[in-house]
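Please open the structure in your viewer and keep the selection tool at hand. Each stop says what to select and what to look for.

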Amino acid sequence: MASLDKHYMSLALRLAREAFLRQEVPVGAVLVVEGKLCGWGNNRRMDGNQITGHAEINALNTASENLGNWRLMRSTLYVTLEPCIMCTGALLQARVDRVVFGCRDPKAGAMRSLFALANDPRLNHQIKVDEGVMADESARLLRDFFENLRTKK
């Protein structure tokens, strides 16, 4: 499983780099259902002023369209940054089985850093969470983005 996790995370990192080039916060996500790549996305909040334009939401929407179903059971989402509250809520609603993320988000992370929403026993669905896959690459990309942003100001 570790080699598959790295493979799909490398695809998510490629999407994050595309977001970086568009001057979006560089986060990328891919959704795999029963071993098949079905959804993908990166941050698109600036592009069209989309409040919900996070990579995870875009990947969920692409997968739902491709599969013709909003229930994404037997799926794994690979994302370069720990999902926020909004994205974790959407992942729970979509019935995603597993999330693999690169680096933690100490300011907004809702799976491990600030909250543990994915594993809250009060909810009707829980998500298996694995973290740290290609974390250094994910963190470096975010660091570079925000350093570039600060030097432009």
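The tour below goes through a predicted model, one group of residues at a time.

**Stop 1: the main core**

Select Leu31, Leu77, Leu91, Val96, Val99, Met111 and Ile127. These residues have the most contacts inside the largest nonpolar core, which has 25 residues. Now colour the elements that give two or more residues to this core: β1 (28–33), α2 (55–67), β3 (75–81), α3 and β4 (98–103). Which element gives the most to this core? It is α2, with four residues. In soluble globular proteins, nonpolar side chains tend to be buried together.

Keep Leu91 selected and show what surrounds it. Which residues is Leu91 in contact with, leaving aside its neighbours within four places in sequence? They are Leu60, Leu77, Pro83, Val96, Val99, Met111 and Ile127.

**Stop 2: another core**

Select Tyr78, Val100, Val133 and Met134. They are among the 14 residues of another core, which lies apart from the largest one.

**Stop 3**

Select Asn58, which lies in helix α2. Is Asn58 buried or exposed? Asn58 has a relative accessible area of 15%, so it counts as buried; the cut-off for buried is under 20%. Show its contacts next. With neighbours within four places in sequence left aside, Asn58 touches Trp40, Gly41, Asn42, Arg44, Gln50 and Gly53.

**Stop 4: aromatic rings**

Three aromatic pairs turn up in a search of the whole structure. Select Phe20 and Phe145 and show their rings. The ring centres are 5.7 Å apart and the planes stand at 70°, so this pair is edge-to-face. Phe20 lies in helix α1 (residues 2–21) and Phe145 in helix α4 (residues 135–152), so the pair ties together parts that are 125 residues apart in sequence. Phe20 is partly exposed, at 22% relative accessible area, whereas Phe145 is buried, at 8%.

**Stop 5: salt bridges**

Side chains of opposite charge can pair when their charged atoms come close. How many salt bridges does the count come to? The count is eight.

Begin with Arg98 and Asp5. Their salt bridge has its closest N and O atoms 2.8 Å apart. Arg98 is in strand β4 and Asp5 in helix α1, so the pair ties together parts that are 93 residues apart in sequence. Both Arg98 and Asp5 are buried.

Next, select Arg104 and Glu131. This salt bridge has its closest N and O atoms 2.8 Å apart. Arg104 belongs to the loop between β4 and β5 (128–131), while Glu131 is in strand β5, so the pair ties together parts that are 27 residues apart in sequence. Arg104 is partly exposed, with 42% relative accessible area, and Glu131 is partly exposed, with 32%.

Then select Arg122 and Asp120. Their side chains meet in a salt bridge, at 2.6 Å from N to O. Arg122 is exposed, with a relative accessible area of 74%, whereas Asp120 is buried, at 11%.

**Stop 6: two backbone angles**

Most residues other than glycine have a negative phi, and most peptide bonds are trans. Select Asn49, in the loop between β2 (36–42) and α2. Although Asn49 is not a glycine, its phi is positive, at about 50°. Asn49 is exposed, with 68% relative accessible area.

Move to Arg95, in the loop between α3 and β4. Arg95 is not a glycine either, and its phi is positive, at about 65°. With 23% relative accessible area, Arg95 is partly exposed.

**Stop 7: a patch on the surface**

Finally, select Ile85, Leu114 and Phe115 and show the surface. These residues form a nonpolar patch there, with about 280 Å² of accessible area together. Ile85 is in helix α3 (residues 85–93). Is Ile85 buried or partly exposed? Its relative accessibility is 48%, so Ile85 counts as partly exposed.

Terms used:
Residues numbered from 1 in each chain as written. Predicted model: local features only at pLDDT ≥ 70, side-chain atom pairs only at ≥ 80, totals over all residues. Heavy atoms only, no water. Patch = residues over 30% accessible without salt bridge, like charges linked within 9 Å, V, L, I, M, F, W, Y side chains within 5 Å. Areas by Shrake-Rupley, 256 points an atom, 1.4 Å probe, with all protein chains shown as cover. Salt bridge = Lys/Arg side-chain N within 4 Å of Asp/Glu carboxyl O. Buried < 20%, exposed > 50% of the residue type's maximum accessible area, 1.4 Å probe, protein only. Phe/Tyr/Trp six-rings, centres within 6.5 Å; stacked < 30°, edge-to-face > 60°. Core = buried A, V, L, I, M, F, W, Y, C linked by side-chain atoms within 4.5 Å. Contact = heavy atoms within 4.5 Å.
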